[in-house]
Structures are given as structure tokens and as C-alpha cells.
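My notes follow the order in which I looked things up.

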Amino acid sequence: MSAVEYDKGESKCMRKAKENPFVAIIMAGFFTIVGYRLFKLKICGCMKMSVPLIHMCVMAQGFVVGAMAIGMYKKYKCNMQQFQRFH
């Protein structure tokens, strides 16, 4: 990427989302989980603060890792199909 392309004023996240739409799905899922868990924490404040935060962190990280694994599998499967066509 040249310096001219980078100076468009676009953030790195927006550029990555345009290059690969799966990035936007991962980011939306991550922020949805975090927002839901924070909302639930506000409603039910009967536990220690660390327990819901740990649950939220584990859920969000699990979603991101799972989504990345699915994306890599799809990419691998597509590459294998192209490889088999030429051999």
C-alpha cells in the first residue's frame, strides 16, 4: 500500500472491513456480546464485579476465535478446490 492510499483518512479498521467483510462480522459480534453482558451486569448487580467481566471476556474471545476458525476453514476449502482443479 502506498502512502497516498493510506492518507485518504480511512481508519485501519474500515480498510480491513472493506478488504474482508468477515472482519466486520467478527467486530459486530464481539461488540454485541460485550454490550449485552454490560447491560446484563447493570441490571443484575448481585455478584462480584469480576465474575461477569470474566464471563464476558471469555464469551467475546470465544466468538472471535470461532469466527476466525470458520473464516480460515472457508479460505482453506476454497484454496483446496482451486488446487485440485489444476492438478
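Which residues does Arg37 touch, not counting residues up to four places away in sequence? I found Pro52, His55, Met56 and Met59. Contact here means heavy atoms within 4.5 Å.

Before going on, I noted the ground rules. This is a predicted model, where local features need pLDDT of at least 70 and side-chain atom pairs count only at pLDDT 80 or more, while totals for chains, interfaces and linings use all residues. Residues are numbered from 1 along each chain as its sequence is written, and side-chain values use heavy atoms, with hydrogens and water left out.

**Entry: the chain.** I counted four helices and zero strands. Helices (H or I, at least four residues) and strands (E, at least two) are DSSP runs, numbered from the N terminus. The order from the N terminus is α-α-α-α. Of the 87 residues, 14% count as buried. Buried means under 20% relative accessible area, exposed over 50%, and partly exposed in between (1.4 Å probe, protein chains only). I also looked at contacts with a separation of 6 or more: residues 24 or more positions apart account for 49% of them.

**Entry: helix α3.** I checked the length of α3, residues 21–43. Its 23 residues should span 33 Å at 1.5 Å a residue, and the end C-alpha atoms are 33 Å apart, so the two agree. The expected span is 1.5 Å times one less than the number of residues. I listed the buried residues of α3: Ile26, Gly29, Ile33, Val34, Arg37 and Leu41. An α-helix has 3.6 residues a turn, so residues three or four places apart point the same way.

**Entry: Arg37 again.** Arg37 sits in α3. Is Arg37 buried or exposed? Arg37 counts as buried because its relative accessibility is 14%.

**Entry: Val65.** I moved to helix α4, where Val65 is found. Val65 has 56% relative accessibility, so it counts as exposed. Val65 and Ile26 are 39 residues apart along the chain, yet their C-alpha atoms are separated by 9.1 Å.

**Entry: the record.** I looked up UniProt. The unreviewed entry lists residues 21–39 and 51–73 as "transmembrane region". Such annotations may be inferred rather than shown by experiment, and the positions follow the numbering used here, with feature names shortened. In the model, residues 21–39 are 100% helix and 0% strand, with end C-alpha atoms 27 Å apart. Residues 51–73 are also 100% helix and 0% strand, with end C-alpha atoms 33 Å apart.
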